[in-house]
Amino acid sequence: MMKFKRFKEIIGFGSLILSAVIVVLILGIMIFDIAAKGFEAISLKFLIDFPREGMTKGGIFPVIIGTIFVTIMTTLFSIPLGVSAAIYLSEYAKEGRFTRFVRAAIRNLAGIPSIVYGLFGVAIFVQGLNFGTSVLSSGLTLGLLTLPWIIATSEEALKTVPQDYREGALALGATKWQAIRSNVLPYAFPGILTSSILGLSRAAGETAPILFTGVVFYLPWLPGSVFDQFMALPYHIYILSTQHHAIDLVRPLAYGTTLVLIAIVFMLNLAAIILRYQLGRKYKK
Amino acid sequence: MDKIVMKDLSLFYGEKKIIDNINLNIPEKKITAIIGPSGCGKTSLLRCINRLNDLIPDAKIEGQLLFNEKDINTDDVDVVEIRKKIGMIFQKPNPFPKSIFENVAFGLRIEGIRDKRKISEIVEKSLRDSDLWGEVKFQLNGSALELSGGQQQRLCIARTLAIEPEVILMDEPCSALDPTSMLKIEELMKELKEQYTILLVTHNMQQASRVSDFTGFLYMGKIIEFGDTNQIFTRPKEKLTDDYISGRFA
Amino acid sequence: MKRIKEKAIYFFFFFTGILAVIILLGIFLMLLLNGLQTFKDVRFSDFFFGTVWNPSAYKESSYGILSMVVSTFMVTLGAMVIAVPLGIGTATYIAEIASERIKNFLRSVIGILAGIPSVVIGFIGIVLVGPFIAKVFNLSSGLNALNGSILLAAMSLPTIISISEEAIREVPKNYKVASYALGANRWTTLVRVTIPAAFSGIIVSIMLGIGRAIGETMTVLMVTGNAPAMPHSFFDSVRTMTATIAIEMGEVPYGTTHYYSLFAIGAVLFLISLGVNLVAELVTAKYRGAK
């Protein structure tokens with residue numbers, strides 16, 4: 001009887017460890033495959049050259065630039081708006097049904113499929129406001145997608161500010177806004193910055209919202225204004241691996257592009273973590 | 001027979017000595033109370049007996065702990081089986097977030113007992129023996145967390161009785177309860193001692209003198225005095241005991 | 001003067017605050033208004049219960065979404081079959097057994113997995129998982145529902161693991177101690193006390209995982225084969241709702257019934273994700289209430 005129980009215990013705990021191992025393996029295999037095959041394709045030329053010969057040779061320079069361009073657009077739109085909304089929720093809003101409703105709306109927005117944001121972008125920005133397929137339309141669409149994340153994480157950062165920071169400023173005669181600006185925001189800044197970078201790194205990897213709002217597979221020049229179309233890393237990977245007329249030939253290019261995208265996402269994540277650590281020490285004297 | 005015998009028992013948390021060379025005999029089917037000021041090791045002593053201190057990484061026990069004349073402070077003894085024979089009631093009632101029925105049935109289910117009728121019978125008997133049956137018999141499927149504090153504690157007692165232990169360790173079982181519940185549980189203890197050996201830790205001296213047959217005074221990890229409850233409270237042999245009982249230190 | 005300035009600032013932040021509500025309503029309205037236009041030409045019952053989706057057919061165009069709805073749920077279900085046991089197992093391991101170092105390592109792994117763009121996961125599906133499936137099951141192509149389920153499982157795992165792990169961690173310690181005192185061993189306590197006590201939190205994690213899987217576009221677009229027919233097995237090529245929108249939005253002329261029907265599909269997706277979210281919130285509320 002005892003032995004059977006022991007046996008059950010060993011099988012049980014063993015299966016738990018197995019689960020964890022499988023999860024690590026999933027990530028490991030992915031990274032390893034992309035890194036191994038991607039490295040072969042990458043060179044300095046790959047990164048700064050334009051694509052040539054129907055995208056079967058050359059580099060991905062305009063693709064990288066396009067991603068940077070549209071991500072900047074996303075930043076301009078989502079960060080100021082998102083942080084402001086977070087300030088409202090954290091500092092000004094009175095708890096009650098309305099505020100709960102606002103928070104519920106944000107949570108629901110976060111769960112909406114990215115393709116639905118794409119539809120919204122087409123209907124409102126491309127068609128409705130007549131921005132056409134452009135960096136602007138895609139940037140705004142991605143901005144909307146990122147907004148709930150920015151609001152939620154910024155609010156969390158603001159919540160960590162101790163109450164006596166606010167009260168101390170108010171007790172000295174500061175107005176509410178002065179107290180926020182001088183005491184609350186600096187303290188929450190590292191957290192807001194970190195989560196913003198993480199949010200933007202997610203936006204950089206998104207494909208669905210930009211599909212019909214501005215991205216193209218091939219552009220002979222770099223986008224000159226926000227009303228131009230653009231190329232982007234995730235879309236490039238998608239086309240190279242599914243719809244290109246010479247799929248096998250361009251497979252190495254696809255690997256290389258994927259490696260570049262992952263590298264950018266990793267670097268942004270790393271930057272966020274490092275920044276949080278550095279700034280955290282500085283501000284929490 | 002003495003149900004539990006401690007010979008030179010010491011307990012260390014890392015370098016700190018919490019229990020210092022205790023020699024104590026707990027008689028069978030009687031209520032033995034351990035009294036003493038807070039923080040002097042009463043709870044730790046209790047947790048040695050059902051080997052719950054094993055859960056603390058730094059804890060080390062030296063000496064002999066005899067249960068039914070066999071030392072259970074060794075590596076080859078099956079701790080899980082010991083705990084089925086030595087039950088524990090905690091200071092703060094901690095029923096599981098399950099139904100009243102399932103709380104009491106828990107010990108039976110983990111034993112592998114599947115006979116529905118048998119489980120129901122034992123659950124009812126345990127609830128009767130802990131004086132809770134009348135109050136809950138129509139809501140056995142309700143959540144245990146909705147009971148009052150006193151009821152939850154009696155539920156915990158029923159839960160322990162269901163696995164038919166030989167000893168029940170009670171760690172200040174009434175300290176989180178109101179006076180009425182406390183008296184109910186004291187009555188229950190007196191009924192239970194006919195079948196079970198009860199070791200009660202309490203900082204409430206009046207309680208100890210009301211319910212127990214034997215009392216031990218634990219101070220700074222040492223047993224200062226142990227004997228018949230009446231004798232301890234009316235003619236203590238040690239000055240320290242006398243001081244504590246007369247309230248000269250808390 | 002200061003008063004007015006403060007008031008203005010308040011109103012500024014107030015408007016940004018309700019922006020989320022405005023956007024949510026805006027999305028809903030946009031989907032609804034555009035989507036409803038479909039039903040000028042298509043009957044409700046044909047749309048929701050028709051199994052053939054062929055809007056650009058020459059003679060009889062049909063707008064039945066049932067096949068793609070079934071495909072979506074099928075791929076999601078398959079993903080959960082894989083992800084739920086793996087996720088709960090890993091979460092339990094992290095919360096209850098792993099040492100501090102392993103905990104941190106696993107949390108980093110999960111964080112990284114969560115951050116991988118969906119198009120990259122789809123790419124892996126094409127270059128690794130697809131050929132693997134084709135080889136093992138002797139198929140000509142590995143682009144099918146099974147592939148989609150595997151990839152969606154990988155994408156839902158971080159959500160399921162992190163939220164379940166939190167739920168398990170938050171189970172009060174005294175339940176465990178009570179269980180040990182009753183003579184249960186570690187495994188029994190885990191299975192009969194700790195996990196059941198964390199049940200609500202685990203359910204929430206699964207709901208959010210499901211929500212993620214249903215709404216995923218690129219991954220399924222790249223690996224499920226995209227045959228718009230009713231699936232009969234996991235080895236069939238399927239097309240989900242999200243993939244349909246993604247594929248056809250690019251080819252559809254503005255202002256046609258076909259154009260509006262894609263918004264109708266979007267509306268269905270929107271409502272499903274709203275529903276899943278609602279259930280998750282109700283369970284969370286009940287969970288907090290019971291505490």
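In which order do the 4 strands of the open sheet of chain B lie, and is their pairing parallel or antiparallel? The order is 2-1-4-5, and the pairing is antiparallel; strands (E, at least two residues) and helices (H or I, at least four) are DSSP runs numbered from the N terminus, and two strands pair if DSSP finds at least two bridges between them. The edge strands are strand 2 and strand 5 (70-71) of chain B, each of which pairs on one side only.

This is a predicted model, in which local features need pLDDT of at least 70 and side-chain atom pairs count only at pLDDT 80 or more, while totals for chains, interfaces and linings use all residues. Residues are numbered from 1 along each chain as its sequence is written, chains are lettered from A and ligands numbered from 1 in the order in which they are written, and side-chain values use heavy atoms, with hydrogens and water left out.

**The sheet of chain B**

Strand 1 (residues 2-13) and strand 2 (residues 16-27) of chain B pair in the antiparallel sense over 8 bridges, with Leu11(B) having Ile19(B) in strand 2 as its bridge partner. These two strands form a hairpin with 2 residues between them, and Gly14(B) in the turn has a positive phi of about 70°. Strand 4 (residues 59-67) and strand 5 of chain B are joined in the antiparallel sense over 2 bridges, and Phe67(B) has Lys70(B) in strand 5 as its bridge partner.

**Salt bridges**

Over all chains, the structure holds 28 salt bridges, a salt bridge being a side-chain nitrogen of Lys or Arg within 4 Å of a carboxyl oxygen of Asp or Glu.

| Pair | Distance |
|---|---|
| Asp33(A), Lys37(A) | 2.8 Å |
| Glu95(A), Arg103(A) | 3.5 Å |
| Lys3(B), Glu28(B) | 4.0 Å |

Asp33(A) and Lys37(A) both lie in helix 1 (residues 2-41) of chain A, 4 residues apart, about one turn of the helix. Asp33(A) is buried, with a relative accessible area of 9%, whereas Lys37(A) is partly exposed at 35%; buried means under 20% relative accessible area, exposed over 50%, and partly exposed in between (1.4 Å probe, protein chains only). In chain B, Lys3(B) is buried, with a relative accessible area of 5%, and Glu28(B) is partly exposed at 31%.
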